[in-house]
Amino acid sequence: MQISEILTQSAVKAVSSVTSKKRLFQEISEIAHSAHGIPAGVSLEALLERESLGPTGVGHGVALPHARVKDLDRVVAVFLRVERPLDFDAADRHPVDLFFALFAPESAGVDHLKALALVARTMRNNDVCTKLRANTDPTSLHAILTEAQESKAA
């Protein structure tokens, strides 16, 4: 599985700030709707439900919100970079500015786990995160994310 298979350029966005976790999830849901056709209300509810089980902030300013969505036929992703980090109840208690969200079919099983592992490996790379934080252009952000994996595979 490649990041380029799950993350389209239209699903990458940079915003100046969000005021709350719910507003962040609304923004991610709007992007998921426009890029992948997932009804915004469905993805928002799924993200909120998953987050209620425990925070998805993994530390170092990164969060990996994820949810299973009915009627989805494959794993898809949304990437959001916020200029002003948000308190996100992350494991290290630091605010988060890089959000890589995954949506998987209810029956995804191993594909969901593979995608989550792939994204986690990518976002653990300090060089990748530094480059993401230095850019606000969605095209550049998408290129950084997709090239990070390709350069490791080479």
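The face of helix α5 turned away from its buried side carries the exposed residues N126, D127 and T130. This helix belongs to a predicted model, and it spans residues 126-133. Its buried residues are V128, C129 and L132. Seen down the axis of α5, these buried residues fall within an arc of 95°, so they line one face of the helix. At the start of α5, the backbone nitrogen of D127 has a side-chain oxygen of N125 within 2.8 Å.

Another helix, α4, covers residues 110-123 and contains H112. The relative accessible area of H112 is 6%, and a residue counts as buried under 20%, so H112 is buried. Its side chain makes a polar contact with the side chain of R68, at 3.3 Å. Leaving aside residues up to four places away in sequence, H112 touches H66, R68, V75 and A104.

Next comes a pair of helices. Helix α2 is made of residues 21-36 and helix α3 of residues 40-52. They pack with their axes 8 Å apart, at an angle of about 140°. Angles over 145 degrees would count as roughly antiparallel; α2 and α3 are therefore oblique to each other. The crossing in which α2 passes α3 is right-handed. On the α2 side, the residues that meet α3 are K21, K22, F25, Q26, I28, S29, A32 and H33. Their counterparts in α3 are A40, S43, L44, L47, L48 and E51.

The loop between α2 and α3 holds P39. With a relative accessible area of 43%, P39 is partly exposed. From P39 to V18 is 21 residues in sequence, and their C-alpha atoms are 21 Å apart in space.

Most residues other than glycine have a negative phi. Phi of H60, however, is near 60°, a positive value. H60 sits in the loop between strands β2 (57-59) and β3 (62-63). Its relative accessible area is 64%, which makes H60 exposed. D71 also has a positive phi, near 70°. The loop that contains D71 runs between β4 (66-69) and β5 (76-86). D71 is exposed, and its relative accessible area is 73%.

Notes:
Residues are numbered from 1 along each chain as its sequence is written. This is a predicted model: local features need pLDDT of at least 70, side-chain atom pairs count only at pLDDT 80 or more; totals for chains, interfaces and linings use all residues. Side-chain values use heavy atoms; hydrogens and water are left out. Buried means under 20% relative accessible area, exposed over 50%, partly exposed in between (1.4 Å probe, protein chains only). Helices (H or I, at least four residues) and strands (E, at least two) are DSSP runs, numbered from the N terminus. The arc is that of the directions from the helix axis to the C-beta atoms. A polar contact is a pair of N or O atoms within 3.5 Å; within protein, one must be able to donate a hydrogen and the other to accept it, and residues adjacent in sequence count only if both atoms are side-chain atoms. Axes are lines fitted to C-alpha atoms, for helices over the stretch in contact, and angles run from 0 to 180 degrees between N-to-C directions. Angles under 35 degrees count as roughly parallel, over 145 as roughly antiparallel, 65 to 115 as roughly perpendicular and the rest as oblique. A crossing is left-handed if the near helix is turned anticlockwise from the far one by less than a right angle, and right-handed if clockwise. Contact means heavy atoms within 4.5 Å.
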